[in-house]
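User: Hi, I have a new structure open and could use a quick tour. Can we go through it in short steps?

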Amino acid sequence: MHYNTGYHGEAVPLVRRFVELFRDAETVCVPSASCVAMMREHYELIARNEDDPRLLAEVQALLPRVFEFSELLTKKLKVTDVGAHFPHSVTYHPSCHSLRMLNIREEPLTLLRAVDGLNLIELPNREQCCGFGGTFAVKNMDVSTAMLAEKKACVIETKADVVTSLDNSCLMNIWGGLHRDGSSVRTVHIAEILNSVKGLAGGNA
Amino acid sequence: MTAREEILARIQGALHVRASDPANGHGKIERTYTRTTSMNEHETIELFIDRLVDYDTEVIQVASDSEIAGAVAQSMTKAQETALLAPAGFPQEWLPTSIAITLDENLSHVTLDAEKTVITTCEAAVASTGTIFLVHGGTQGRRVITLLPDHHICIVRRSQVYSVLPEALAAVTANATKPITTISGPSATSDIEMVRIRGVHGPRSLTVILVS
Amino acid sequence: MSIRVGKAAKAPAFPIAAHKALENNQLRANVRRATTTIRNKRALRVEEMPDWESLRSAGAAIKQHTLAHLDHYLEEFVRNCERAGGKVHWARDADEANSIAINLIRTYTPKDSTAPVEVIKVKTMTSDEIQMNHALEREGIVPIETDLADMIVQLGKDEPSHIVVPALHKNRTEIRDIFRASMAQPELTDQPEDLTAAARKYLRERFLRTKIAVSGANFAIADTGSVCVVESEGNGRMCLTLPEVLITLVGIEKVIPSFGDLEVFLQTLPRSATGERMNPYNSLWTGVTPGDGPQHFHVILLDNGRTKLLEDEMERETLQCIRCAACLNACPVYRETGGHAYGSIYSGPIGAILSPQLQSLEHSRSLPYASTLCGACYEVCPVKINIPEVLIHLRGRVVREDQKTLKGKLGVENIAMQAAATIFRSERRYEASQRLARIGQLAFERKGLLTNLPGMAGGWTATRDLKPIPSHSFRDWWKSRNNTTWSPKSNMSQGGAN
């Protein structure tokens, strides 16, 4: 949020803090594509701009162990069927950062197709941004709302019960708009879908 | 300081860290895109015709030079045209005898504007984009003669057709400082609601006579 | 110095201009239809190119190489152009370029001429950038735009809203009304064929009678001294061929090293710009050719702020642009607002990075924020300008400048960002703030929702609901979870969708 809004200096301690917390982790799983995108696209640049070779080295050592949630399952753990049960019609919104910065395209769809009971419906014009964009949503509220209106219309067109994504920020935006309109479509992060099993609240919700 | 000196000084000031010398750096640019293809002549010609037709170009294939005049007459008859403009020195045998011919001997713009049909040869062509290269002068004519008339008939030899743009561009490089026009279909615009309209200011019809 | 980018000096901030644009449903429908059409055509034509990514990389590499040796290639171009009979002039800024053009037009106008001096123009964004038409008109010179879209804009006393299709915000009925009013053709229908035919007729006599033309250039080629203009309608060929005098305005970043480099750009530009395999016409000429075309050829090389972008490598990327406008068509923000909201003739993502760098203005400080950083622009850019990265870089500049002022320091956003940065640095503070927020949000919670938050967050809740921070956070759950080992197909921990 800080870096993308232009608060570059303020982002440095956050990078240091991240490295400090996770430097010993074997694998870091991040349930947000845009967070992973920030790390992969900018952490090295931030360390370089700080002229801090130690930080740079630590970032470089840590980054290969950082995975977005669906990447971790499919690429590192080589799992496509996690044994989940989710008897709902679901449409998938590929978040911009997952798509264009992490190049995650098929992975989440593979995972969702393997979920028992799940009816996956393609979202029209799915690669278009939902209008969130961090502080964009408040700085350019009108445009953000107009973009969200297009996304909402596409979601409604699918008649799905649930919209899922790799990014909670998009889902917060899409839910906020749908709910304001009185729609009952729910937004559920992909991790929650994959964590749903028969007989438990999630699976039957 | 003159403007030239000042702008160059600004550039030199901004680029204080210099890479290698320009020619060397330019030579090292990675060009992994398609520069030549292994398409055979038949495939290339098929593709060329497909692209021409796709962009509303009339294509007439002839087996030899002796059939060119007939093809010209055929195209003009179809378009109900009766007079033909050709560059000065254009081979007589390619022009139909049944049609009034005007040779461009530095004709005025107003005279040329009254002409309906013009014929030229070309320098090279690109199959994958349906593009014709005119290197102006000689039988390819001055620029203006293929601009004011409404129908351009262009003679293209099969041997002049390259499969991709880099090959054709390489073929015209020796003439790079002459005026060059590339033509891909008739003039067109999509400025009004993205509807493609054929024929704005340039010729509204283009005919390619493809000669073996 | 008079660095100018169109009328940008008088433009309102992007959110304000966008608000106005969003209220115009006709405009939005026009923009949406046009951008969708070009976007789809582009995708089709790019898909059939297996070497597209290689072409993009080569295009970027050629441009980067040229910019790193810009002085060398400009001088090489000048030498070769002048050797072939052209004359090159250098202009530091907008005023200098305009006065060079005006002097040239005066020089070539017979002293005893009483009729108003006319010049025909072929689409040049650079001339819009320096507001050349206004400068000419002030001198009593009549500029005639000949590109169909530019003509629509000029006759409608409008501003271009797109780099390649400047009148894309107008539909056929609006265009018919403009033509009816200015061409004395009351019977004109709104059929695109008829409108195009009317433009042809209107311009043909002007092409034939006008002695001086002004053009832009897509490429200035150093090793031959040639200039290349890429177009579709044939108005370009008319302007480049019929007049006696040709004045070509070229931004200094338009130079490319060699004729052979066209093999990259003539493949990427048309596909990116209009979704065509090749545009109908490309014109290339070198100086003056006896007996063919204008016998007096002048080039004006324009800086107008461009050299300022060279020093920083990230800013320099902006100068790689070949003005294809693919980023405009791909941009979900442009799609909603159209081009005028950007307050500059350079609109969309490229405008959002180009305008603020050429001309530092109050309004242009809002432009780097006119993006969600979704990356669609970068994905389609044929010369790989990482627009989102440059936007973030420019945002950093805006923030740093703001933080130097007391007003900026005390601004709500700065305080919030500083506070958040402090909180995010410490687990203890993060958890405490979550607890605090849970209490604080009670005041705004209605039926378990946040619908009316104060301050900046009000920008969210004006049109969107927000779920309150849950009483049980992920962190709480993580701490209290069963220490079961995870394996595929096993029953995993509880939790699930809520």
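Analyst: Two residues are in contact if their C-beta atoms, placed from the backbone, lie within 7 Å. The model is predicted: local features need pLDDT of at least 70, side-chain atom pairs count only at pLDDT 80 or more, and totals for chains, interfaces and linings use all residues. Residues are numbered from 1 along each chain as its sequence is written, while chains are lettered from A and ligands numbered from 1 in the order in which they are written.

User: How many residues of chain B are in contact with chain C, and how many of chain C with chain B?

Analyst: 62 residues of chain B meet 75 residues of chain C.

User: Which element gives the most to chain B's side?

Analyst: That is α1(B), with nine residues. Other elements giving two or more include α2 (22-27), α6 (165-172) and β9 (180-183) of chain B. Helices (H or I, at least four residues) and strands (E, at least two) are DSSP runs, numbered from the N terminus.

User: What kinds of residues are on that side of chain B?

Analyst: It divides into 27 nonpolar, 23 polar and twelve charged. Ala, Val, Leu, Ile, Met, Phe, Trp, Tyr, Cys and Pro count as nonpolar, Asp, Glu, Lys and Arg as charged, and the others, Gly among them, as polar.

User: In which sense do β9(B) and β9 of chain C pair, parallel or antiparallel?

Analyst: Antiparallel. β9(B) and strand β9 (residues 281-286) of chain C pair over four bridges. Strands pair if DSSP finds at least two bridges between them. B:T181 has C:S283 as its bridge partner in β9(C).

User: Back to chain B by itself. What is in it?

Analyst: Chain B has six helices and twelve strands. Its C-alpha trace spans about 70 × 45 × 40 Å along the principal axes. Of its 212 residues, 50% count as buried. Buried means 20 or more other C-beta atoms lie within 10 Å of a residue's own, with C-beta atoms placed from the backbone; exposed means 12 or fewer, and partly exposed is in between.

User: How much of the contact in chain B is between residues 24 or more positions apart?

Analyst: Such pairs account for 69% of the contacts with a separation of 6 or more.

User: Where does UniProt put the LUD domain in chain B?

Analyst: An unreviewed UniProt entry places "domain: LUD" at residues 116-211 of chain B. UniProt positions are given in the numbering used here, feature names are shortened, and annotations may be inferred rather than shown by experiment. That stretch of chain B is 8% helix and 39% strand, and its end C-alpha atoms are 23 Å apart.

User: New topic: chain A. How far is it from chain B at the closest C-alpha atoms?

Analyst: 18 Å, and no contact joins chain A and chain B. Chain A does touch chain C: 44 residues of chain C are in contact with 50 residues of chain A. The largest share of chain C's side, five residues, comes from α18(C). By class, that side of chain C has 23 nonpolar, 14 polar and seven charged residues.

User: What domains does chain A have?

Analyst: Domain 1 (2-75) and domain 2 (89-204). Domain bounds come from an automatic or database domain assignment. The C-alpha centres of these two domains of chain A lie 25 Å apart. Their contact takes 15 residues from domain 1 and 19 residues from domain 2.

User: Which strands make up the open sheet of four in chain A?

Analyst: The order is β4-β3-β5-β6, with parallel pairing. β4 (119-121) and β6 (186-189) of chain A are the edge strands, each pairing on one side only. Four bridges join β5 (residues 162-165) to β6(A). A:S165 stands opposite A:H189 in β6(A).

User: Which helix lies across β5 and β6 of chain A?

Analyst: Helix α10 (residues 168-180) of chain A, running at about 175° to β6(A). Axes are lines fitted to C-alpha atoms, for helices over the stretch in contact, and angles run from 0 to 180 degrees between N-to-C directions.

User: And what is the strand order in chain C's open sheet of six?

Analyst: β1-β10-β7-β4-β2-β3, with parallel pairing. The edge strands are β1 (86-91) and β3 (141-145) of chain C. The twist averages 25° from one strand to the next.
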